[in-house]
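This briefing is intended for a reader who has the coordinates open. It treats the sheets, selected residues and the ligand shell in turn.

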Amino acid sequence: MNKLNIGLIGAGRMGAFHGETIAQRLPQANLYAVADPVPGAAKGLISQLDVNAKAYTDPMELIQDPCIDAVVIASPARTHASNVLAAIKQGKAVFCEKPMAVNLKEANEIVHASDESNILVQVGFNRRFEKGFYSAHTEIASGKIGTPQLMKSTTRDPKLNRAESIPEWTIFLETLIHDFDTLMYLNPGAKPVEVYAIADALIRPDLKDSGLLDTAVVTVKFDNGTIATAEANFQAVYGYDVRAEVFGSEGMITAGGIRESSMTRYNHNGVSFDTCRYDQDLLFDAYVGELRSFVDCVIHNKPSLATANDARYALKIALASIESVKSNLPIKLDQHVLI
Ligand SMILES: NC(=O)c1ccc[n+]([C@@H]2O[C@H](COP(=O)([O-])OP(=O)(O)OC[C@H]3O[C@@H](n4cnc5c(N)ncnc54)[C@H](O)[C@@H]3O)[C@@H](O)[C@H]2O)c1
């Protein structure tokens with residue numbers, strides 16, 4: 001069988017990882033082309049990966065290339081939706097890094113276009129492909145902990161870099177979006193109904209007036225009664241920390257962690273272990289697994305495991321969180337306004 005020809009948009013940190021995965025870790029895929037508007041960036045990645053791929057500076061030209069079967073988008077968040085829509089229009093399956101869109105109008109358009117044309121869209125909710133989170137989902141879905149009552153999802157990044165250039169509301173739209181999806185994933189079938197958020201600039205208080213929020217807690221109430229919290233902070237001095245906990249009527253499930261390996265050190269100072277300092281180390285298998293699943297779904301015509309509709313729900317919670325911070329009030333999701 002012929003390999004799936006993939007066009008990659010965005011040759012930055014995440015694009016380089018996905019490009020390497022497509023070129024080296026997925027036997028059924030071929031990295032056919034890379035597009036990045038920065039002159040030399042696509043060529044640079046192609047030569048770093050030592051592959052025979054085309055380089056574009058215009059993502060639209062890549063999307064329109066007739067030899068490309070599927071598109072992987074790893075460009076900055078605010079460029080995603082238009083490229084997803086263009087790829088669907090060209091009949092090409094799309095893997096899009098999170099967030100799929102930053103407003104509900106675009107998210108609705110993508111869900112509609114993907115449903116109408118039956119074109120597969122997968123969003124980069126990599127925790128769904130992490131072994132522990134996947135097992136947690138399976139256990140909870142099969143009723144092993146009864147009805148979920150309390151949930152927590154945590155993201156703590158190891159270091160706040162380039163704080164001055166972080167776009168407004170990033171903590172909700174780009175970081176906590178993972179946690180909002182995790183809450184949905186670990187509370188299968190339930191719908192979020194009310195959101196209350198509190199956020200601040202505690203790492204860089206000097207940037208608060210310019211719109212930086214580096215720490216946030218969001219409570220989410222679900223229609224099955226579950227009360228959940230999602231929290232994020234951009235600088236955990238001990239490493240990259242991604243965890244979830246679901247407490248139900250028949251027990252509790254936890255997933256995620258911070259360990260670099262299973263090695264534990266016992267010495268004069270006590271007991272210790274090393275931690276991951278980088279998302280691509282902690283979630284390496286999940287990042288590879290999500291693209292492996294994407295390729296498998298496209299080739300075998302299977303449904304996506306992280307859909308455009310999942311991304312729309314996570315976005316609804318993120319947008320409601322923003323409204324809540326602005327108003328300092330709880331926001332009911334069904335009265336949520338489009339922004
Ligand atoms: N799933 C995760 O946990 C995870 C982790 C990190 C980043 N991401 C996501 O990946 C995406 C990229 O993040 P990154 O860290 O690689 O950023 P980055 O800044 O390192 O790379 C972005 C690249 O996109 C290019 N670019 C800029 N404008 C573009 C446009 N209009 N069209 C195409 N390319 C354009 C830039 O030149 C750059 O090479 C973001 O959406 C981010 O949220 C996801």
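In which sense do strand β2 and β3 pair, and over how many bridges? Strand β2 (residues 29–35) pairs with β3 in the parallel sense, over three bridges. The model is predicted: local features require pLDDT of at least 70, side-chain atom pairs count only at pLDDT 80 or more, and totals for chains, interfaces and linings use all residues. Residues are numbered from 1 along each chain as its sequence is written.

**Annotated N-terminal region**

- UniProt, in an unreviewed entry, places the feature "domain: Gfo/Idh/MocA-like oxidoreductase N-terminal" at residues 4–125; such positions follow the numbering used here, feature names are shortened, and annotations may be inferred rather than shown by experiment.
- Residues 4–125 are 43% helix and 22% strand, with the end C-alpha atoms 22 Å apart; helices (H or I, at least four residues) and strands (E, at least two) are DSSP runs, numbered from the N terminus.

**Six-stranded sheet**

- An open sheet of six strands has the order β3-β2-β1-β4-β5-β6, and its pairing is parallel; two strands pair if DSSP finds at least two bridges between them.
- Because β3 (54–56) and β6 (121–123) each have a single partner strand, they stand at the edges and one side of each is left without a neighbour in the sheet.
- From one strand to the next, the twist averages 20 degrees; axes are lines fitted to C-alpha atoms, for helices over the stretch in contact, and angles run from 0 to 180 degrees between N-to-C directions.
- Helix α2 (residues 41–49) packs on this sheet, touching β2 and β3, and its direction makes about 150 degrees with that of β2; contact requires C-beta atoms, placed from the backbone, within 7 Å.

**Val34**

- Val34 lies in strand β2, and its bridge partner in β3 is Ala55.
- Val34 counts as buried because it has 31 C-beta neighbours inside 10 Å; the cut-offs are 20 or more other C-beta atoms within 10 Å for buried, 12 or fewer for exposed, and partly exposed in between, with C-beta atoms placed from the backbone.
- Leaving aside neighbours within four places in sequence, the contacts of Val34 include Leu8, Ala42, Leu45, Ile46 and Ala55.
- The C-alpha atoms of Val34 and Tyr56 are 6.2 Å apart, at a separation of 22 residues in sequence.

**Ligand shell**

- There are 23 residues around the ligand, of which Gly10, Gly12, Arg13, Met14 and Ser75 come nearest; a residue is near if its C-beta atom, placed from the backbone, lies within 6 Å.
- Helix α1 (residues 13–25) contributes the largest share of the shell, three residues.

**Seven-stranded sheet**

- Seven strands form an open sheet of mixed pairing, in the order β12-β11-β7-β10-β9-β8-β15.
- Each of β12 (251–257) and β15 (331–332) has a single partner strand, so these two stand at the edges with one side left without a neighbour in the sheet.
- Strands β7 (residues 148–156) and β11 (residues 241–248) pair in the antiparallel sense over eight bridges, with Thr155 opposite Val242 in β11.
- Helix α7 (residues 170–185) packs on the sheet, touching β7, β8 (192–200), β9 (215–222), β10 (227–233) and β11, at about 145 degrees to the direction of β10.
- Helix α10 (residues 308–327) lies across β8, β9 and β15, at about 55 degrees to β8.

**His300**

- His300 is in the loop between α9 (284–299) and α10, and counts as exposed because it has 8 C-beta neighbours inside 10 Å.

Technical notes
Two residues are in contact if their C-beta atoms, placed from the backbone, lie within 7 Å.
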